[in-house]
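I opened the notebook to record what I looked up in this entry, going from the whole chain down to single residues. The sequence and the model come before my notes.

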Amino acid sequence: MPEIIIAILVIICILIIPNIKIVPQAKSYVIERLGSYYVTWQNGLHFKIPFIDNIANKVSLKEQVKDFAPQPVITKDNVTMQIDTVVYFQITDPKLYTYGVEYPINAIENLTATTLRNIIGELELDQTLTSRDIINTKMRSILDEATDPWGIKVNRVEVKNILPPRDIQDTMEKQMRAERERREKILQAEGEKKSSILIAEGEKESAILRAEAQMMSQIKVAEGEAEALLKIKKAEAEGIKLLREAGADESVLRLKSYEALENLANGKSTKIIVPADLSGVATFGTALKEVMEDKKNDTKK
(Lines give C-alpha, C1' and ligand atoms only; values in the text may rest on other atoms or scores of the structure.)
Protein backbone atom coordinates (compact mmCIF):
# COMPACT_ATOMS: atom_id res chain seq x y z
CA MET A 1 0.00 0.00 0.00
CA PRO A 2 2.68 2.58 0.82
CA GLU A 3 4.37 1.71 -2.43
CA ILE A 4 1.20 2.62 -4.35
CA ILE A 5 0.93 5.97 -2.59
CA ILE A 6 4.54 6.73 -3.33
CA ALA A 7 4.03 5.78 -6.97
CA ILE A 8 1.00 8.04 -7.22
CA LEU A 9 2.93 10.92 -5.71
CA VAL A 10 5.76 10.38 -8.15
CA ILE A 11 3.34 10.37 -11.06
CA ILE A 12 1.78 13.60 -9.76
CA CYS A 13 5.17 15.25 -9.48
CA ILE A 14 6.13 14.15 -12.97
CA LEU A 15 2.87 15.04 -14.71
CA ILE A 16 1.30 17.91 -12.79
CA ILE A 17 4.11 20.09 -11.42
CA PRO A 18 5.93 20.56 -14.78
CA ASN A 19 2.62 21.65 -16.36
CA ILE A 20 2.12 24.53 -13.92
CA LYS A 21 3.40 27.60 -15.80
CA ILE A 22 3.96 31.19 -14.75
CA VAL A 23 4.02 33.71 -17.60
CA PRO A 24 6.26 36.71 -16.72
CA GLN A 25 5.52 40.35 -17.46
CA ALA A 26 5.81 41.49 -21.14
CA LYS A 27 5.58 37.87 -22.30
CA SER A 28 2.86 35.85 -24.00
CA TYR A 29 2.60 32.09 -24.57
CA VAL A 30 0.79 30.70 -27.60
CA ILE A 31 -0.93 27.42 -26.59
CA GLU A 32 -1.95 24.65 -28.96
CA ARG A 33 -4.37 21.87 -28.03
CA LEU A 34 -4.07 18.69 -30.02
CA GLY A 35 -2.06 20.51 -32.68
CA SER A 36 -4.41 23.49 -33.16
CA TYR A 37 -4.29 26.98 -31.76
CA TYR A 38 -6.15 27.08 -28.48
CA VAL A 39 -5.37 30.23 -26.48
CA THR A 40 -2.77 32.92 -25.74
CA TRP A 41 -1.60 33.08 -22.16
CA GLN A 42 -0.85 36.51 -20.71
CA ASN A 43 1.28 37.10 -17.62
CA GLY A 44 0.21 35.11 -14.55
CA LEU A 45 -0.27 31.50 -13.34
CA HIS A 46 -1.53 28.88 -15.84
CA PHE A 47 -1.96 25.08 -16.01
CA LYS A 48 -1.29 22.99 -19.09
CA ILE A 49 -2.99 19.66 -19.58
CA PRO A 50 -0.29 17.03 -20.01
CA PHE A 51 -0.01 15.36 -23.43
CA ILE A 52 -2.88 17.53 -24.75
CA ASP A 53 -1.75 21.16 -24.51
CA ASN A 54 1.52 22.38 -25.97
CA ILE A 55 3.33 25.75 -25.79
CA ALA A 56 3.77 26.62 -29.46
CA ASN A 57 5.66 29.90 -29.00
CA LYS A 58 6.92 32.24 -26.29
CA VAL A 59 6.61 35.79 -27.53
CA SER A 60 8.22 38.94 -26.09
CA LEU A 61 5.97 42.02 -26.19
CA LYS A 62 8.82 44.48 -25.67
CA GLU A 63 9.96 46.79 -28.45
CA GLN A 64 12.83 45.19 -30.31
CA VAL A 65 15.67 46.68 -32.35
CA LYS A 66 17.26 45.00 -35.35
CA ASP A 67 20.35 46.40 -37.06
CA PHE A 68 20.45 44.93 -40.55
CA ALA A 69 23.63 44.61 -42.59
CA PRO A 70 24.38 47.17 -45.36
CA GLN A 71 22.47 46.61 -48.57
CA PRO A 72 23.68 47.57 -52.07
CA VAL A 73 21.27 50.01 -53.70
CA ILE A 74 21.35 51.97 -56.96
CA THR A 75 20.22 55.58 -57.21
CA LYS A 76 18.28 57.16 -60.06
CA ASP A 77 21.55 58.49 -61.57
CA ASN A 78 23.11 54.97 -61.50
CA VAL A 79 25.35 55.35 -58.43
CA THR A 80 25.73 52.17 -56.36
CA MET A 81 26.06 52.68 -52.62
CA GLN A 82 25.82 50.71 -49.40
CA ILE A 83 23.02 51.60 -46.93
CA ASP A 84 22.32 49.90 -43.61
CA THR A 85 19.13 50.42 -41.62
CA VAL A 86 17.88 50.01 -38.07
CA VAL A 87 14.27 48.88 -37.51
CA TYR A 88 12.35 49.34 -34.24
CA PHE A 89 9.33 47.03 -34.02
CA GLN A 90 6.97 45.47 -31.50
CA ILE A 91 4.83 42.33 -31.53
CA THR A 92 1.21 43.25 -31.00
CA ASP A 93 -0.51 39.93 -31.78
CA PRO A 94 1.34 36.77 -30.65
CA LYS A 95 -1.02 34.52 -32.61
CA LEU A 96 -0.42 36.29 -35.94
CA TYR A 97 3.29 36.51 -35.18
CA THR A 98 3.39 32.74 -34.61
CA TYR A 99 1.30 31.66 -37.58
CA GLY A 100 1.55 34.62 -39.95
CA VAL A 101 4.98 34.14 -41.50
CA GLU A 102 7.90 31.75 -41.23
CA TYR A 103 11.00 33.37 -39.71
CA PRO A 104 9.47 36.83 -39.22
CA ILE A 105 12.79 38.58 -38.50
CA ASN A 106 14.25 37.38 -41.80
CA ALA A 107 11.04 38.46 -43.49
CA ILE A 108 11.37 41.96 -42.04
CA GLU A 109 15.02 42.15 -43.15
CA ASN A 110 14.23 41.14 -46.73
CA LEU A 111 11.23 43.46 -46.83
CA THR A 112 13.42 46.33 -45.56
CA ALA A 113 16.03 45.69 -48.27
CA THR A 114 13.50 45.61 -51.12
CA THR A 115 11.66 48.69 -49.84
CA LEU A 116 14.93 50.58 -49.50
CA ARG A 117 15.93 49.73 -53.08
CA ASN A 118 12.58 50.95 -54.39
CA ILE A 119 12.79 54.25 -52.54
CA ILE A 120 16.44 54.97 -53.37
CA GLY A 121 15.82 54.06 -57.02
CA GLU A 122 13.56 57.13 -57.28
CA LEU A 123 16.18 59.51 -55.84
CA GLU A 124 19.42 60.91 -57.20
CA LEU A 125 22.68 60.83 -55.23
CA ASP A 126 22.39 64.35 -53.81
CA GLN A 127 18.76 63.77 -52.81
CA THR A 128 19.68 60.50 -51.13
CA LEU A 129 22.35 62.17 -49.02
CA THR A 130 20.07 65.01 -47.92
CA SER A 131 16.68 63.23 -47.60
CA ARG A 132 17.14 60.82 -44.72
CA ASP A 133 13.96 61.95 -42.99
CA ILE A 134 11.92 61.35 -46.14
CA ILE A 135 13.48 57.90 -46.60
CA ASN A 136 12.83 56.97 -42.96
CA THR A 137 9.19 58.10 -43.10
CA LYS A 138 8.43 56.23 -46.33
CA MET A 139 10.09 53.04 -45.14
CA ARG A 140 8.28 53.08 -41.79
CA SER A 141 4.91 53.56 -43.50
CA ILE A 142 5.49 50.75 -46.02
CA LEU A 143 6.94 48.29 -43.50
CA ASP A 144 4.21 48.95 -40.94
CA GLU A 145 1.51 48.24 -43.50
CA ALA A 146 3.25 45.13 -44.81
CA THR A 147 3.95 43.60 -41.38
CA ASP A 148 0.47 44.23 -39.95
CA PRO A 149 -0.80 40.74 -41.03
CA TRP A 150 2.15 39.28 -39.12
CA GLY A 151 1.11 40.86 -35.83
CA ILE A 152 4.09 43.25 -35.93
CA LYS A 153 4.00 47.02 -35.44
CA VAL A 154 6.94 48.93 -36.99
CA ASN A 155 7.46 52.01 -34.80
CA ARG A 156 10.52 53.53 -36.41
CA VAL A 157 13.04 53.04 -39.22
CA GLU A 158 16.40 54.81 -39.34
CA VAL A 159 18.95 54.94 -42.14
CA LYS A 160 22.16 54.38 -40.21
CA ASN A 161 24.92 54.84 -42.80
CA ILE A 162 25.06 55.84 -46.45
CA LEU A 163 28.36 54.86 -48.06
CA PRO A 164 28.88 56.04 -51.67
CA PRO A 165 31.73 54.59 -53.79
CA ARG A 166 35.26 55.71 -52.94
CA ASP A 167 35.66 57.90 -56.03
CA ILE A 168 32.38 59.66 -55.22
CA GLN A 169 33.57 60.22 -51.65
CA ASP A 170 36.84 61.72 -52.92
CA THR A 171 34.92 64.04 -55.26
CA MET A 172 32.60 65.11 -52.44
CA GLU A 173 35.55 65.80 -50.16
CA LYS A 174 37.16 67.97 -52.86
CA GLN A 175 33.90 69.86 -53.31
CA MET A 176 33.60 70.40 -49.58
CA ARG A 177 37.22 71.59 -49.39
CA ALA A 178 36.67 74.00 -52.30
CA GLU A 179 33.48 75.29 -50.68
CA ARG A 180 35.28 75.88 -47.36
CA GLU A 181 38.10 77.71 -49.15
CA ARG A 182 35.56 79.84 -51.03
CA ARG A 183 33.79 80.77 -47.79
CA GLU A 184 37.13 81.55 -46.16
CA LYS A 185 38.08 83.89 -49.02
CA ILE A 186 34.69 85.60 -48.85
CA LEU A 187 35.03 86.12 -45.11
CA GLN A 188 38.58 87.42 -45.55
CA ALA A 189 37.48 89.83 -48.31
CA GLU A 190 34.58 91.07 -46.19
CA GLY A 191 36.95 91.59 -43.27
CA GLU A 192 39.40 93.57 -45.42
CA LYS A 193 36.52 95.61 -46.82
CA LYS A 194 35.22 96.48 -43.36
CA SER A 195 38.76 97.29 -42.22
CA SER A 196 39.28 99.63 -45.20
CA ILE A 197 35.95 101.33 -44.52
CA LEU A 198 36.82 101.84 -40.87
CA ILE A 199 40.26 103.23 -41.76
CA ALA A 200 38.74 105.61 -44.34
CA GLU A 201 36.09 106.76 -41.87
CA GLY A 202 38.80 107.30 -39.25
CA GLU A 203 40.88 109.37 -41.67
CA LYS A 204 37.79 111.35 -42.67
CA GLU A 205 36.88 112.13 -39.08
CA SER A 206 40.51 113.00 -38.32
CA ALA A 207 40.66 115.41 -41.30
CA ILE A 208 37.39 117.02 -40.23
CA LEU A 209 38.66 117.47 -36.70
CA ARG A 210 41.94 118.94 -37.95
CA ALA A 211 40.07 121.35 -40.23
CA GLU A 212 37.76 122.37 -37.40
CA ALA A 213 40.71 122.87 -35.07
CA GLN A 214 42.53 124.99 -37.68
CA MET A 215 39.40 127.03 -38.29
CA MET A 216 38.89 127.63 -34.57
CA SER A 217 42.55 128.62 -34.27
CA GLN A 218 42.24 131.13 -37.11
CA ILE A 219 39.03 132.50 -35.58
CA LYS A 220 40.74 132.95 -32.22
CA VAL A 221 43.75 134.65 -33.86
CA ALA A 222 41.48 136.98 -35.84
CA GLU A 223 39.44 137.77 -32.74
CA GLY A 224 42.66 138.49 -30.84
CA GLU A 225 43.99 140.79 -33.56
CA ALA A 226 40.64 142.59 -33.80
CA GLU A 227 40.52 143.04 -30.04
CA ALA A 228 44.12 144.29 -29.99
CA LEU A 229 43.43 146.72 -32.82
CA LEU A 230 40.30 147.95 -31.05
CA LYS A 231 42.26 148.53 -27.86
CA ILE A 232 44.97 150.43 -29.81
CA LYS A 233 42.37 152.66 -31.40
CA LYS A 234 40.72 153.26 -28.06
CA ALA A 235 44.10 154.18 -26.55
CA GLU A 236 44.84 156.60 -29.39
CA ALA A 237 41.42 158.18 -28.98
CA GLU A 238 41.97 158.52 -25.25
CA GLY A 239 45.39 160.10 -25.91
CA ILE A 240 43.99 162.68 -28.28
CA LYS A 241 41.19 163.37 -25.81
CA LEU A 242 43.69 163.96 -23.05
CA LEU A 243 45.74 166.27 -25.28
CA ARG A 244 42.67 168.32 -26.12
CA GLU A 245 41.64 168.50 -22.52
CA ALA A 246 45.18 169.62 -21.62
CA GLY A 247 44.96 172.44 -24.19
CA ALA A 248 47.74 171.20 -26.48
CA ASP A 249 48.65 173.64 -29.26
CA GLU A 250 49.03 173.05 -32.99
CA SER A 251 52.70 172.06 -32.74
CA VAL A 252 52.00 169.22 -30.34
CA LEU A 253 49.26 167.90 -32.60
CA ARG A 254 51.64 168.15 -35.54
CA LEU A 255 54.21 166.11 -33.55
CA LYS A 256 51.62 163.47 -32.82
CA SER A 257 50.81 163.43 -36.50
CA TYR A 258 54.48 162.73 -37.25
CA GLU A 259 54.42 159.87 -34.73
CA ALA A 260 51.30 158.48 -36.36
CA LEU A 261 53.03 158.65 -39.72
CA GLU A 262 56.02 156.84 -38.24
CA ASN A 263 53.77 154.06 -36.89
CA LEU A 264 52.09 153.76 -40.24
CA ALA A 265 55.46 153.50 -41.95
CA ASN A 266 56.42 150.58 -39.70
CA GLY A 267 53.56 148.44 -41.15
CA LYS A 268 54.12 146.11 -44.08
CA SER A 269 53.06 147.11 -47.58
CA THR A 270 52.56 150.70 -46.45
CA LYS A 271 53.43 153.56 -48.74
CA ILE A 272 53.79 157.17 -47.46
CA ILE A 273 53.46 160.12 -49.82
CA VAL A 274 55.21 163.18 -48.36
CA PRO A 275 54.03 166.61 -49.56
CA ALA A 276 56.48 168.84 -51.39
CA ASP A 277 56.47 171.55 -48.77
CA LEU A 278 56.29 171.46 -45.00
CA SER A 279 53.14 173.45 -45.08
CA GLY A 280 51.55 170.38 -46.64
CA VAL A 281 52.68 168.41 -43.62
CA ALA A 282 50.96 170.87 -41.35
CA THR A 283 47.88 170.63 -43.47
CA PHE A 284 48.12 166.85 -43.25
CA GLY A 285 48.39 167.10 -39.47
CA THR A 286 45.32 169.28 -39.34
CA ALA A 287 43.45 166.84 -41.52
CA LEU A 288 44.54 163.93 -39.30
CA LYS A 289 43.31 165.88 -36.28
CA GLU A 290 39.90 166.32 -37.88
CA VAL A 291 39.74 162.63 -38.76
CA MET A 292 40.53 161.67 -35.18
CA GLU A 293 37.90 164.02 -33.88
CA ASP A 294 35.31 162.54 -36.25
CA LYS A 295 36.26 159.04 -35.08
CA LYS A 296 35.86 160.18 -31.49
CA ASN A 297 32.40 161.60 -32.21
CA ASP A 298 31.43 158.36 -33.93
CA THR A 299 32.62 156.40 -30.91
CA LYS A 300 30.44 158.51 -28.60
CA LYS A 301 27.44 157.98 -30.77
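How many helices and strands does the secondary structure of the chain come to? I count eight helices and nine strands, where helices (H or I, at least four residues) and strands (E, at least two) are DSSP runs numbered from the N terminus.

Before going on I noted that this is a predicted model, in which local features need pLDDT of at least 70 and side-chain atom pairs count only at pLDDT 80 or more, while totals for chains, interfaces and linings use all residues. Residues are numbered from 1 along each chain as its sequence is written, and side-chain values use heavy atoms, with hydrogens and water left out.

Entry: the whole chain. I looked up burial and found that buried residues make up 21% of the 301 residues; buried means under 20% relative accessible area, exposed over 50%, and partly exposed in between (1.4 Å probe, protein chains only). For contacts, meaning heavy atoms within 4.5 Å, I noted that among those between residues at least 6 apart in sequence, 63% join residues at least 24 apart.

Entry: I traced an open sheet of three strands in the order 3-2-5, with antiparallel pairing, two strands being paired if DSSP finds at least two bridges between them. Strand 3 (36-41) and strand 5 (53-60) each have a single partner strand and stand at the edges, so one side of each is left without a neighbour in the sheet. From one strand to the next the twist averages 25°. Strand 2 (residues 27-33) is joined to strand 5 by seven bridges, with Ile-31 having Ile-55 as its bridge partner, and strand 2 pairs with strand 3 over five bridges, again in the antiparallel sense.

Entry: Tyr-29. I found this residue in strand 2, opposite Trp-41 in strand 3. Is Tyr-29 buried or exposed? Tyr-29 counts as buried, at 10% relative accessibility. Leaving aside residues up to four places away in sequence, Tyr-29 touches several others, including Ile-22, Pro-24, Val-39, Trp-41, Ile-55 and Lys-58. I also noted Ser-60, which is 31 residues from Tyr-29 in sequence and 9.0 Å away in space, C-alpha to C-alpha.

Entry: Ala-26, in the loop between strand 1 (20-23) and strand 2, has a phi near 65° and is partly exposed, with a relative accessible area of 23%. Phe-51, in the loop between strand 4 (44-47) and strand 5, has a phi of about 65° and is exposed at 75%. Leu-34 takes a positive phi near 55° in the hairpin of strand 2 and strand 3, which has two residues between the strands.

Entry: a helix pair. I looked up helix 3 (residues 104-120) and helix 5 (residues 132-147), whose axes come within 10 Å and cross at roughly 135°; axes are lines fitted to C-alpha atoms, for helices over the stretch in contact, and angles run from 0 to 180 degrees between N-to-C directions. That makes helix 3 oblique to helix 5, since angles under 35 degrees count as roughly parallel, over 145 as roughly antiparallel, 65 to 115 as roughly perpendicular and the rest as oblique. Among the residues that meet are Ile-108, Leu-111 and Leu-116 in helix 3 and Ile-135, Met-139 and Ile-142 in helix 5.
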